[in-house]
Amino acid sequence: MMKIFDYIFYRVFMYYLHKKDSTTQMTASIVLSLIQLFLLLDIFVIVRIIYEYPIPENFNKFWALPLIIVVFTFNWLKYVKNKDRLETKKLLRIKWENEELTIKKKRGFLVLTLIMIVISMPIIYGIVRHNIMGGKSFWG
């Protein structure tokens, strides 16, 4: 799984590097953090579909703040802190530059598919659960 995240970071990093962005590493780290947070949200949605656990009455968006901070800090320490931009670029290029074009296209397609699924799953769950089912349980 970490290899997928490294690959996503590399692709976003190279995209913003070609755009001549001055905050390439930080931007790639933020995009990767968002994808990881959506992946965690998908896990909560799947568990909620299988097992209807009660959500606390005082639950709000600030409960997620510690999780957001932990994920972002992990990515920041791994990809941004104490790393030179050129050093990161060299390390990532050594790892993935010599990919064959067919493998590169296949991985790119899989990454885009992952991003679309990860972002659309909570949206579809919310639409189905609250607009179509009226907030009722899936199983009863």
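Asp42 counts as buried because its relative accessibility is 5%, where buried means under 20% relative accessible area, exposed over 50% and partly exposed in between (1.4 Å probe, protein chains only). Asp42 is found in helix 2, helices being DSSP runs of H or I with at least four residues, numbered from the N terminus. Along the chain Asp42 and Ile117 are 75 residues apart, and their C-alpha atoms are separated by 9.1 Å. Residues are numbered from 1 along each chain as its sequence is written, and side-chain values use heavy atoms, with hydrogens and water left out. The model is a predicted one, in which local features need pLDDT of at least 70 and side-chain atom pairs count only at pLDDT 80 or more, while totals for chains, interfaces and linings use all residues.

Turning to the core, the largest nonpolar core has 17 residues, and Ile8, Phe9, Phe13, Leu32, Tyr79 and Leu92 touch the most other members. Such a core is a set of buried Ala, Val, Leu, Ile, Met, Phe, Trp, Tyr and Cys residues joined through side-chain atoms within 4.5 Å. At least two residues of this core come from each of helix 1, helix 2 (24-50) and helix 4 (85-96). Helix 1 makes the greatest contribution to this core, giving nine residues.

Three aromatic pairs are present in the structure; rings of Phe, Tyr and Trp (its six-membered ring) pair if their centres lie within 6.5 Å, and planes under 30 degrees apart count as stacked, over 60 as edge-to-face and the rest as tilted. Phe9 and Tyr79 are stacked, because their ring centres are 4.0 Å apart and their planes lie at 15°. Since Phe9 belongs to helix 1 (residues 2-18) and Tyr79 to helix 3, this pair ties together parts that are 70 residues apart in sequence. Phe9 and Tyr79 are both buried, and together with Phe13 they form one aromatic cluster. Tyr15 and Tyr16 make an edge-to-face pair, with 5.1 Å from centre to centre and 80° between the planes. Tyr15 counts as partly exposed because its relative accessibility is 46%, and Tyr16, at 26%, also counts as partly exposed. Tyr16 lies in helix 1; between Tyr16 and Val128 there are 36 Å in space, C-alpha to C-alpha, and 112 residues in sequence.

Helix 3 (residues 65-79) agrees with expectation, because its 15 residues should span 21 Å at 1.5 Å a residue and its end C-alpha atoms are 21 Å apart. The expected span is 1.5 Å times one less than the number of residues. Val71, Asn75 and Tyr79 are the buried residues of helix 3. Viewed down the axis of helix 3, these buried residues fall within an arc of 45°, so they line one face of the helix; the arc is that of the directions from the helix axis to the C-beta atoms.

Helix 5 (residues 101-132) has 32 residues and reaches 44 Å from its first C-alpha to its last, close to the expected 46 Å. At Ser120, helix 5 bends by about 30°, and Pro122 follows within four residues; the bend is the angle between axes fitted to the seven residues ending at a position and the seven starting there. Val111, Val118, Pro122, Tyr125 and Arg129 are buried in helix 5. After helix 5 comes Gly134, with a positive phi near 70°.
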